[in-house]
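Please have the sequence and the structure open while reading.

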Amino acid sequence: MTVVDQHHRVSPETEARVRREVAGATWFQLASATSKAHHAVDDALRGHDDDALQHALDRHTVLERVLAEATDRLHPPRG
């Protein structure tokens, strides 16, 4: 997760919706969804579609957070 992603503001409604969509997903499913979301960001950038870009960035940000949380559960940070 980049610094930009960590500070990207996502509406609570969007955060809740994306989290509901991936509730119960395995780590690998979350990683796959996050990768697809990253490609959606790239596609929106290439298409110069500001609305699609905002939606894609929001989704990608939430998925990266969820993936990071899942990773921490599987491999808790030491120290």
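The text below goes through the salt bridges and then turns to one aspartate.

**Salt bridges**

The model is predicted. How many salt bridges does the count come to? The count comes to 6 salt bridges.

| Pair | N to O distance |
|---|---|
| Glu 15 and Arg 19 | 2.8 Å |
| Arg 17 and Glu 21 | 3.0 Å |
| Arg 59 and Glu 21 | 2.5 Å |

**Pairs within helix 2**

Helix 2 covers residues 12-21 and holds both Glu 15 and Arg 19. These two residues are 4 residues apart, which is about one turn of the helix. Is Glu 15 buried or exposed? Glu 15 counts as buried because its relative accessibility is 17%, and buried means under 20%.

Arg 17 is partly exposed at 28% relative accessibility, and Glu 21 is partly exposed at 44%.

**A pair between helices**

Glu 21 also meets the side chain of Arg 59 in a salt bridge. Which parts of the chain does this pair link? Arg 59 lies in helix 4 (residues 50-74) and Glu 21 lies in helix 2, so the pair links distant parts of the chain, 38 residues apart. Arg 59 has a relative accessibility of 24% and therefore counts as partly exposed.

Salt bridges can also share partners. One network made in this way joins Glu 15, Arg 19, Arg 65 and Glu 69.

**Asp 43**

Where does Asp 43 lie? Asp 43 is part of helix 3, which spans residues 27-47. Its relative accessible area is 46%, so Asp 43 is partly exposed; a residue counts as exposed over 50%. Ala 23 is 20 residues away from Asp 43 along the chain. The C-alpha atoms of these two residues are separated by 25 Å.

Technical notes. Residues are numbered from 1 along each chain as its sequence is written. This is a predicted model: local features need pLDDT of at least 70, side-chain atom pairs count only at pLDDT 80 or more; totals for chains, interfaces and linings use all residues. Side-chain values use heavy atoms; hydrogens and water are left out. Buried means under 20% relative accessible area, exposed over 50%, partly exposed in between (1.4 Å probe, protein chains only). A salt bridge is a side-chain nitrogen of Lys or Arg within 4 Å of a carboxyl oxygen of Asp or Glu.
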